[in-house]
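Hi,

Here is the structure I promised to pass along.

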Amino acid sequence: PTLRKVADDRARQIREDDIHADIEKRLRKMGANKGAFAAIHVCPQTSSDVLDDQSVRLVILRPNETHRQVSKSDSAAVIRADDFLLNRGQQQRAYRNMLVFLAPDADRMDTLKPQLRQLLAWESIDKDQDALNLDKAQIRNTKDEIARYEQIVADQLRDAYQWLLVPRVDLEIDLNKITFDTERLLVDNDALSERVYQRMKQSEQLIDEYAPALLKIELDKLLWRDDDDLQIKKLWEFFSSYCYLPRLLNESVLLKTIRRGANSEDYFAYAAGKDGSRYLELTWKKPGVLVEKSGYIVKPDVARKQLLADLESGRLCGMGGGSGPFEDSDSSGYEVSAPVLTSSGMKTEASPEPSPKNRRFYFSKELDKVRINREVQGLVEEIIQHLTRVDDAAVTVTLEVDARSMTGFDHQTIRTVIENCRALGIRDFGVED
């Protein structure tokens with residue numbers, strides 16, 4: 001028999017379990033790069049295999065736990081993800097907002113498996129080349145087929161794992177009902193973790209920089225609605241546990257947000273500790289605050305009341321010694337406006353700043369197609385991000401792509417880019433002869 005017939009016969013004899021085992025082995029190699037995530041759990045057998053802690057983790061589901069675009073809540077992937085999210089073994093999972101899931105597409109898996117069967121069949125022929133009495137030409141042919149199917153399997157496996165499942169709770173509908181936002185990832189050559197991270201960052205499902213104003217909104221909405229303060233350790237537990245809150249990349253993002261917020265009178269104050277009803281080392285509108293998990297964030301009105309009482313009793317600087325958040329300057333050299341005591345409380349006098357005259361900024365840059373991901377990320381982080389932080393700034397970013405090939409793009413490439421355009425909501429695209 002010809003080698004092709006031998007390969008086809010052997011491919012038909014390969015069990016489904018062997019196919020799944022080989023896919024899982026390949027996924028473990030692909031998941032070795034955890035990227036921005038604290039950990040990646042590849043094809044866990046049970047929910048006990050996924051740790052329950054306060055760090056964002058990516059769970060890559062098994063090959064038979066697939067999802068389809070038409071599926072909503074009844075796909076094998078969603079059912080499995082829901083089990084992992086709610087439980088860890090026999091116990092309820094506490095930190096549910098720290099898990100996100102990556103699932104394979106059912107149709108793409110059906111396309112991948114026959115190719116993988118062929119690869120395993122050719123590998124078995126290579127292993128048995130002496131028993132099959134192969135000549136040099138047949139050995140060369142066998143190795144060429146192995147290399148060809150290796151590339152096909154690698155490409156199709158990467159494309160198959162394209163469904164991102166992100167748990168979410170809608171406060172306006174049901175506080176206790178967790179649903180999954182299902183999004184299709186772009187088809188590219190990045191590591192799985194990087195594809196997930198970039199997609200979640202783009203859609204603000206994973207936040208690596210959080211504004212104090214947004215934190216204040218979440219606090220007032222529910223978290224400290226009936227309290228004067230909240231310990232930061234407890235606040236991070238809330239963000240780790242409840243899927244109606246934003247998903248922060250790590251604890252440092254929250255601490256940085258609090259440090260920035262304590263530098264303004266609009267959001268909250270910070271206290272290193274609490275003794276009964278009195279806050280220790282209470283600081284408000286002071287730059288360079290050292291924020292720790294054991295500390296507290298305090299409502300502005302409550303902080304103002306204690307600081308005003310301290311000012312009247314002479315505890316603060318300028319009223320009999322001591323130090324506090326209203327000094328003329330701090331050890332870092334930041335200038336801080338001095339307070340004025342009035343009958344209605346405390347307000348700050350500050351010299352008016354001149355109105356900026358630079359009303360428009362623009363730039364253009366031709367991107368290196370080899371390093372385009374890194375260059376775009378650099379432009380966003382180093383330029384665009386600073387512009388969007390200005391309150392009244394209207395920032396428009398437009399990307400124009402004009403790709404031409406003298407020989408013409410193959411059908412697979414065109415199908416991939418069109419599918420990705422639709423997934424990204426791009427309306428103006430097309431193909432010309």
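Below is what turned up when I went through it, grouped by residue.

Please keep in mind that this is a predicted model.

Let me begin with the cysteines. A disulfide is a covalent bond between the sulfur atoms of two cysteines. There are zero disulfides in this structure.

Next comes a histidine. H67 sits in the loop between β2 (57–60) and α3 (76–86). Although it is in a loop, H67 counts as buried, because its relative accessible area is 1% and the cut-off for buried is under 20%. Its side chain makes a polar contact with the side chain of S75, at 2.7 Å.

E204 belongs to the loop that runs between α6 (192–202) and α7 (212–223). With a relative accessibility of 61%, E204 is exposed, since exposed means over 50%. E204 is not a glycine, yet has a positive phi of about 60°. In sequence, E204 and L248 are 44 residues apart, while their C-alpha atoms are 9.5 Å apart in space.

E281 lies in the loop between β11 (278–280) and β12 (296–298). This residue is exposed, with a relative accessible area of 65%. The phi of E281 is positive too, near 50°, and E281 is a residue other than glycine.

Best wishes

Definitions and conventions: Residues numbered from 1 in each chain as written. Predicted model: local features only at pLDDT ≥ 70, side-chain atom pairs only at ≥ 80, totals over all residues. Heavy atoms only, no water. Disulfide = S-S within 2.5 Å. Helix = DSSP H or I, 4+ residues; strand = E, 2+ residues; numbered from the N terminus. Buried < 20%, exposed > 50% of the residue type's maximum accessible area, 1.4 Å probe, protein only. Polar contact = N/O pair within 3.5 Å; in protein donor to acceptor, adjacent residues only side chain to side chain.
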